[in-house]
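Visitor: I am new to this structure and would like a short tour. Could we begin with a single residue and work outwards?
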Amino acid sequence: MADTEDLEEDAEASEEDAAQAAEAAARKKKLLLLGAVGVVLLLVAGGGTWFALRMLSGDKAKPVEAVSAEPARPAVAAGEKKEEKKEEKSELKPAFYDLLDPAFLANYSVAGRQHYLQLSLAVMAREQSGIDALHTHMPLVRNRVVLLLSGEVFEQLQTDDGRVQLQQKLLKAMQEILTKETGKPGIEQVFFINFVMQ
């Protein structure tokens, strides 16, 4: 009897061992499957990121060149064109930035209620002389900016298009002042550093 009990216990133990081995194998398969899925997801995400960056940094459509009175240049080899492009890029001067302090304030009356705009601006120039000229003529610039802001429609400034148009108007106004006073537009871009409407 003892031998049959031992055999039964051995059979039960071997069944338990087999069940544990099967569970371990199933866990191992799950881990391998999860690992494989993780690797595939990483590859897909990395490939998607790479593709998106390539698309975003790809060559943009080249602007149409204006017809000039200069005689046409003879055709050049591809290597020479690359050298020309490198020279043109190296000629691009570094940017100078300046913050126009204090912030500009404008008030608007909309349906009988008062609303306000607080606008902090920065400008970019390729020469320090443009920034210096802007500081020299700052009273003219600030006056023109305040007049422009007060002439805007409050609801229109709440849209992206309205803000972009305002940015372009501000740049044009500053360039007109500097061109009139110094002979050069001086400023290349105007940036909104802070744009608060209330």
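Guide: Let us start with Tyr-97, which counts as exposed because its relative accessibility is 54%; buried means under 20% relative accessible area, exposed over 50% and partly exposed in between, with a 1.4 Å probe and protein chains only. The model is predicted, so local features need pLDDT of at least 70 and side-chain atom pairs count only at pLDDT 80 or more, while totals for chains, interfaces and linings use all residues. Residues are numbered from 1 along each chain as its sequence is written, and side-chain values use heavy atoms, with hydrogens and water left out.

Visitor: How far apart are the ring centres of Tyr-97 and Phe-191?
Guide: The structure holds three aromatic pairs. In the pair of Tyr-97 and Phe-191, the centres are 6.1 Å apart and the planes are at 40 degrees, so the pair is tilted. Rings of Phe, Tyr and Trp (its six-membered ring) pair if their centres lie within 6.5 Å; planes under 30 degrees apart count as stacked, over 60 as edge-to-face and the rest as tilted.

Visitor: Which strands hold these two, Tyr-97 and Phe-191?
Guide: Tyr-97 lies in strand E1 and Phe-191 in strand E3 (residues 189–197), so the pair ties together parts that are 94 residues apart in sequence. Helices (H or I, at least four residues) and strands (E, at least two) are DSSP runs, numbered from the N terminus.

Visitor: Now helix H4, please. Which of its residues are buried?
Guide: Met-138, Val-141, Val-145, Leu-148 and Leu-149 are buried in H4. They cover an arc of only 95 degrees around the axis, which puts them on the same side of H4; the arc is that of the directions from the helix axis to the C-beta atoms.

Visitor: And what is exposed on the other side of H4?
Guide: Pro-139 and Leu-147 are exposed there.

Visitor: What covers the buried residues of H4?
Guide: The cover includes strand E1 (96–110), strand E2 (113–125), helix H3 (128–136) and helix H6 (160–182).

Visitor: Which residues touch the most other members of the largest nonpolar core?
Guide: Of its 29 residues, these are Leu-121, Leu-134, Leu-149 and Met-174. A nonpolar core is a set of buried Ala, Val, Leu, Ile, Met, Phe, Trp, Tyr and Cys residues joined through side-chain atoms within 4.5 Å.

Visitor: Which element gives the most to this core?
Guide: H6 does, with seven residues.

How values were computed: Contact means heavy atoms within 4.5 Å.
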